[in-house]
Amino acid sequence: MANGFFREQPEKIGYFDLYFRKIPDKGGLVVYAGLAQVIKYLNELHFSNSDIEYLKDLNIFDDAFLKYLGNFDFKCDVWSVEEGTPVFPNEPLVTVRGPLAQVQLLETMLLNIVNHESLIATKARRICMVARNRPVMEFGSRRAQGADAATYGARAAVIGGCSGTANVLSAKLFGLKPLGTMAHSWIQSFPSERAAFEAWMKVYPHNCLLLVDTYDVLKSGVPNAIRIFKKLKEMGINDHLGIRIDSGDITVLTQKARNMLDKAGFKNATITVSNALDEDVIQNVLEEGASIDSFGVGEKLITASSDPVLSGVYKLVATQEKGVVTPKIKLSNTVEKTTIPGFKRLYRLYDEEKRARGDLMCLDSEAVKESSNIYNSDPNKTQHVKQLHSWQLKPLQVQVFKEGKLIYQAPETMEIQTFSKKAIAELPTSCLRLKNPDIYDVYWTSQLKDLRLKMIEEFSY
Ligand SMILES: Nc1ncnc2c1ncn2[C@@H]1O[C@H](COP(=O)(O)OP(=O)(O)OP(=O)(O)O)[C@@H](O)[C@H]1O
Ligand SMILES: O=P(O)(O)OC[C@H]1O[C@H](OP(=O)(O)OP(=O)(O)O)[C@H](O)[C@@H]1O
Ligand SMILES: O=C(O)c1cccnc1
C-alpha cells in the first residue's frame, strides 16, 4: 500500500486515529500506556541496506519507492494522550498526520505497542485497586508470551500500579524497583528447610523473606522461619523479616501464620502471598479477612488472561490536499464499528470541584464555547444533550512529533504511575468499580455529531 500511496498520491496527507472500541473485562476504563515505546520506534525508524535488498527481491516495489525508504525521512506530526491517562472507547489516543505512505506504514507497530501495554496497565490497575494499598509485585516474566511481552509488560504493570517487578532487565531499562523473594529450589537444594533458611539468613540477614510452603506451611515453614527471626533478633537484626506463602488456602494459612508470628513477638514480620492470583482471588481473600501485607502476581496479570485483547484500531479519518482537509468515514452495519470522521481534539471536562464529568471530542477546526450544546456519544443514554456550563476543558492530547521532530519529553515510568493514580482518582467513583461500572460519558460537539450523520447519509446505499 505504501508503494501505491507513494506513486499515486505522493502529495496527499493522511490523518489516522488510534482508538479502541471495548474495555477489557467489562471494566470502566483503560489505562493508556506505550507512548514511550511509540516514541522510541518512530525516532529510530529506518530501513537498512539489507532491508531494501530484501524488499527489492520481492519484485513488487518501484525503485523510486525503495530509494525513498532507503533515505527514510520521517515527516509526520503525532499527537497523543499522555501515558497513564484513563481513556474510553472511541477516543483518539494517538493521531498521526503525514504523507499517506508514511502514516500507513506505522499502523501495525503502533497498534502492537499501545494494545499490549494498555492492556497490561489496565489489568494491573484492577489488581492493584483491590489490593487496597498493599504492594503488588509483578512476577509474570516466566509466563509472558515472549520476552518483549515480559519486558514491556512489566513496565505497563508498574504504570497500572505495581510496586516493582522481578524482571531485572525491565527494572534497569525503565527505572523500576527490582523485587523478589526466593524459589522452592533454594529450600529443596539443602538437606532440610531449616538448613535452607539458615543459609539464607547468612547471605541476606537484612532481607529475610522466607518461602514457607515447600513442605508444610504451619507445621514446618512458619516455625522454622520464627527460629531464624529469633536468631536474627539475638544478632540485633529485626528489619525486613517476612514469609511468602505460595499454595493452599490463602485466608486460612495467612491468618494462622499471622497468629504464630505475632505470638512469637514478630508483629513486624510481613506476609506475602502468590499463586495464580488475580483481582477476583485477591478481593475474595481480603473479604474473608486474610492477613496479607503484599502480593506477587504473575501469569494472570502479564497475559491479562481473563480478557487478553485490547482491540485498538488505526483508522484513516481525514485527508488533506493543497491545505484543504477532507474528513473520511468507514461505514459498518453496527454503529460501534462506524468510524468518527475528521481531525479531532479530545478534552476532559472538569467541574468546580475538579472532578472529571466526562470527555469531549470536537473537530480541530471548531471553537468550543461555554454555551455550546454537547451530545452524549452513547446512543443508549437518555439524557443525551448537555450544556458545557462552567466546566473547565483540559486538552488530553499533547503534540509529540512536529514534522518528524520529537518535541515532547516523556516522563519517567514512576512519574507516570503517580500521574495515572491522580487522573483515575478524578473520575466518578462509580466508573472505577470492577463489576458493572457506570459508563463514563464521552460527548461530541454538534459539529462533529452532524458531520458524522451527514457522512453516514452521503455514503449509505
Ligand atoms: N481463600 C481463597 N479464596 C479464593 N481463592 C483462593 C483462596 N486461597 C487460594 N486461592 C486460589 O485458589 C487457586 C488454587 O489454590 P490451591 O489451594 O489449589 O493451590 P495449589 O495451586 O493447588 O497449590 P500447590 O502449589 O500446592 O499445587 C489459586 O489461584 C489460589 O490463589
Ligand atoms: O502464579 P503466578 O501468579 O504466575 O506467580 C508467580 C508464580 O511463579 C512461581 O511459581 P512457579 O513458576 O515455580 O510455579 P508453581 O509455584 O506453580 O509450581 C511463584 O512461586 C509463583 O507461584
Ligand atoms: O521472587 C519471587 O519470589 C518470584 C519471582 C518471579 C516469579 N515467582 C516468584
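Trainee: At what angle do helix H6 and H13 pack?

Mentor: Axes are lines fitted to C-alpha atoms, for helices over the stretch in contact, and angles run from 0 to 180 degrees between N-to-C directions. Helices (H or I, at least four residues) and strands (E, at least two) are DSSP runs, numbered from the N terminus. Here H6 (residues 107-130) and H13 pack at about 5 degrees. Their axes lie 9 Å apart. Angles under 35 degrees count as roughly parallel, so H6 and H13 are roughly parallel to each other. This is a predicted model: local features need pLDDT of at least 70, side-chain atom pairs count only at pLDDT 80 or more, and totals for chains, interfaces and linings use all residues. Residues are numbered from 1 along each chain as its sequence is written, while chains are lettered from A and ligands numbered from 1 in the order in which they are written.

Trainee: Which residues in H6 and H13 meet?

Mentor: Contact means C-beta atoms, placed from the backbone, within 7 Å. Arg 126, Ile 127 and Val 130 in H6 meet Glu 279, Ile 282 and Gln 283 in H13.

Trainee: Which helix gives the most to the shell around ligand 1?

Mentor: A residue is near a molecule if its C-beta atom, placed from the backbone, lies within 6 Å of it. H13 gives the most to the ligand 1 shell, three residues. The residues around ligand 1 include Val 281, Asn 284 and Val 285.

Trainee: How many residues surround ligand 2?

Mentor: Ligand 2 has 14 residues around it. Among the closest are Phe 139 and Glu 299. Strand E11 (294-297) and helix H14 (299-302) each give two or more residues to this shell.

Notes: Parallel < 35°, antiparallel > 145°, perpendicular 65-115°, else oblique. Contact = placed C-beta atoms within 7 Å.
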